[in-house]
2 protein chains.
Amino acid sequence: MKQKITIKTIAKELGVSTSTVSKALKDSHEISKETKERIQAYANHYNYKPNHLALQLRNQKTKVIGVILPKIVHHFFSTVIKGIEDGANKKGYNLMVCFSNESYKKEVENLKVLSNGSVDGIIVSVASETLKNKDFSHFSGLISEEIPLVLFDRVINDILCDKVVVDDVGAGYKATQHLLENGRKKIALITTPDHVNVGLLRRQGYEKALIESYIKADNDIIVKIDEKQSITQQIEKVFDHDIDAVFAVNEIYAAKSMRIAKKRGLKIPEDIAIIGFTDGLISEYSSPSITTIAQHGFTMGKQAVELLIERIENETEEFKPKKIVISSDLKVRESTKTL
Amino acid sequence: MKQKITIKTIAKELGVSTSTVSKALKDSHEISKETKERIQAYANHYNYKPNHLALQLRNQKTKVIGVILPKIVHHFFSTVIKGIEDGANKKGYNLMVCFSNESYKKEVENLKVLSNGSVDGIIVSVASETLKNKDFSHFSGLISEEIPLVLFDRVINDILCDKVVVDDVGAGYKATQHLLENGRKKIALITTPDHVNVGLLRRQGYEKALIESYIKADNDIIVKIDEKQSITQQIEKVFDHDIDAVFAVNEIYAAKSMRIAKKRGLKIPEDIAIIGFTDGLISEYSSPSITTIAQHGFTMGKQAVELLIERIENETEEFKPKKIVISSDLKVRESTKTL
DNA sequence: TAAAATTACGAAATCGGTTTCGTGTTAACA
DNA sequence: TGTTAACACGAAACCGATTTCGTAATTTTA
C-alpha cells in the first residue's frame, strides 16, 4: 500500500505544527483564515484522510460491531445480518462478522478475537454445539469484562445480557392451531434435539395447542432430527404412522417432508397438510408453496443492533437486561389450504 | 465497558517499566526468569489482553479484510462470503462486511469507509447500478492509493486489479448444449439487462451453442428482465411463443418459469425443460427439482481472498493483475430429464 | 500609556502498545 | 586489580491522530 499522507506530512510541508493542522482541518476558530485555507487546500489536493486506527485508539471506540453467526448460507441468518447491517449503518457503525459454523471451539475463538478491543459490542446467536455442551463460560467472561453483548434467536437464559427472540412458543401454537382449525387431528412434529432451545419452545406451543383441543400428543409422530444421520430416513419413519399433517420447525424439514409425501402418492394439501418455519425461498417457490411461520429476521437483526448501540452509547445507565420478543406471523400458502 | 488492564497498569503495579512488561510477556531473553514469571502471572490473573488497535496502529496493518457485496440474502453471495471467511480465517484475517444493496451511492460510501485504513485490502462484487452507470472512479481511486483490491463475479474490465470470475460464457454454452442434446430446439432465454455483464456473457454462450447446432437465436424468446416491473409478467410473454425449453440465468427466474409452465398445464420435463443458474436451495427442493449450473461460490470466495492476501503480504512484487476463471458444473436434475 | 484581552499558534501529553539504544551492576577473565 | 562481557532493565521514540495549556504578539480598553 502506498504511504498515506498524514498530519505530520502536512505540518512539515507547510511549516506549521501538527496541532495547527489538526485544528485547521476541523475549522477551529483558533486558526486564522489564511492558514486554514492553506492547510485545507493542501489536504484536499493530496487527498488526506484521517487514519481511523489512530482515532479509534484515541477515542477508545471503534464504531464497529462484532457479529457471530452459526452459519450464513441460510435464509434466516442472512436476513438477520441484513437487519443488523441496516440498523448499524444508520447509526454510523460497521460490521465485523464471524461464523462459528455451529462449533463451540470456533465460537470461543471468535469471541476472543472480537473482545480484544476491535469492536464496541457483540451480537451473537449461539452455536448448537455450545447449547449442547452447556459451557457458557466464554459468555460470562464477556459479561464480567462488561463488553456490551446482545444474544438473539438462540439465547442462553443464564447469561445476563440483552436478548432478542422469536415468540417460539406462540409460533408453535399458531402453526398447530392453524392445522387444527383446518380439521387436522394427527399432526406430526419434525423438530430438533432438545438442546436447541428454539425447537423445544416450538414444541411447547405445539403441545399447548393440542391440549386445548383435547388431543393427546403422540410421541410416535414426534421426531427429533439428529443431523448427523440421514434426515430423510428419520422423517420417513413418521410417515409410517397415520398422520394428516406435518409441522416442521424449519424450512428444510418441511421441504423434505413434502418430497416424501409426494413420493408416497399423498396429495398436498388434500391428504396431508404441511407447515414450515422460516419464510425462505424454498417455501415460496416450491409447489405447492408451503405455509410457514415468518420469523421476521430483518426485524430481529435491527432490534438487536439497536439494543446493542443503546447499550454502547449509554453505559452510565444501570444495567437491566432487556428481552425483546418478536412475534411471528403465519403465512398461509397452498400446502395447508382448507380441506 | 470496564476499564481494561494495560501494560501500563501492570508496570505500575509491579514497579517495573512498560518495556520490561512488554518484553516479559513475549518471553524475551532480556528479562530475568523471576521477573518474567511475576509479570506473566500477574497478566494472567488479571486476564490481560493486548489492545488490538494499538498493535494495528504500530504495525500499520489490521489483519482485516473488507468485503462489499451487492446483497446477502442470496444463496450465491452468502456462499461466497462463507468461502471468503474460510480462507481469511486460515490466514488469521477477519472480515468487515458491507452491503451496497446494488446501489452506486452506497457502494461509494462503503468503499470510502473501508479505505481509511480500517482494512488491509478489499474484495468487491460490483453493484448493478454501478455497472449501469459505468462510473468506476471510486475504484480507480482505490487503485491509485494502491489499496489491494480483488473483484469477483461482477467485475469491471477496465480496472486493473485481481479478478475472480465464473466462466459465464462456458456455463451458458454448457447449459444450452445440455438442452440441445436433450432434443430441445426452441430454447427461451430469461436473462438480465445487458449492463449486468454476467447476463451478457451467459447469453454469448447460449448463442454460441445454438450456432453450432445451426439454430438461429430468436429474439422473441429472449427476454431481458427489468426487475422494476413484474418479473412473472415478463416471463409470461415468452411462454406465449412456441418453446420447449427455458434457460434462466438465475434461480428465481427458473423457479418463476416453472410456476408459469405448471399453471399453463405444461409438464416438466416432458413438455418443457427448465434449467437455472446458481445452485441454491430452491433448485434442490422444488419439484421437480431444477437442473442448474453450480457456480461454486465457496471456491470463488476462497480464491478471491487468497489472491488478496497474497497481494497484501507480498506488496514488493511488481504488479501484474491476475484473473482466475472458475469453471462451473452442470447439475442435472429432474427438470431436464431426457425425453 | 499601561493593563487587559484577544488572536494565532506550538509544545507536550495521551491513547496502548513495540523496539532500539543506553546504562548500571555483577561476573568472568587476563 | 583492571578490563571486558554478560545480564537485566529503563528511557525514549514511534505509530497518527486530538486536545489542553501556555505564550508571544497584537489589539482593545481604561
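Begin by selecting chain A and chain B together: 57 residues of chain A are in contact with 57 residues of chain B. The model on display is a predicted one. About 5,300 Å² is buried between chain A and chain B, and carbon and sulfur atoms give 56% of that area. Next, select A:Met1, A:Leu53 and A:Tyr285, which supply 15% of the area that chain A buries against chain B, more than any other three residues.

Turn now to the charged and polar pairs. Six salt bridges are counted between chain A and chain B. To view a salt bridge, select B:Arg259 and A:Glu334, whose closest N and O atoms lie 3.8 Å apart. Polar contacts across the interface of chain A and chain B join 19 residue pairs, with both residues at pLDDT 80 or more.

The next selection is by element. On chain A, helix H4 (52-59), helix H5 (75-90), strand E2 (94-99), helix H6 (104-114), helix H12 (251-263) and helix H13 (281-285) each supply at least two residues of the side that touches chain B. Select H5(A) in particular: seven residues, the largest share of the side of chain A that touches chain B, come from this helix. By residue class, that side of chain A divides into 23 nonpolar, 19 polar and 15 charged residues.

Finally, select residues 94-99 of both chains, which form strand E2 of chain A and strand E2 of chain B. How do E2(A) and E2(B) pair, and over how many bridges? The two strands pair in the antiparallel sense, over three bridges. Within this pairing, select A:Met96, which stands opposite B:Met96 in E2(B).

Methods. Residues numbered from 1 in each chain as written. Chains lettered and ligands numbered in written order. Predicted model: local features only at pLDDT ≥ 70, side-chain atom pairs only at ≥ 80, totals over all residues. Heavy atoms only, no water. Contact = heavy atoms within 4.5 Å. Buried area = accessible area lost by both parts, 1.4 Å probe. Salt bridge = Lys/Arg side-chain N within 4 Å of Asp/Glu carboxyl O. Polar contact = N/O pair within 3.5 Å; in protein donor to acceptor, adjacent residues only side chain to side chain. Helix = DSSP H or I, 4+ residues; strand = E, 2+ residues; numbered from the N terminus. Nonpolar A, V, L, I, M, F, W, Y, C, P; charged D, E, K, R; others polar. Pairing = 2+ DSSP bridges.
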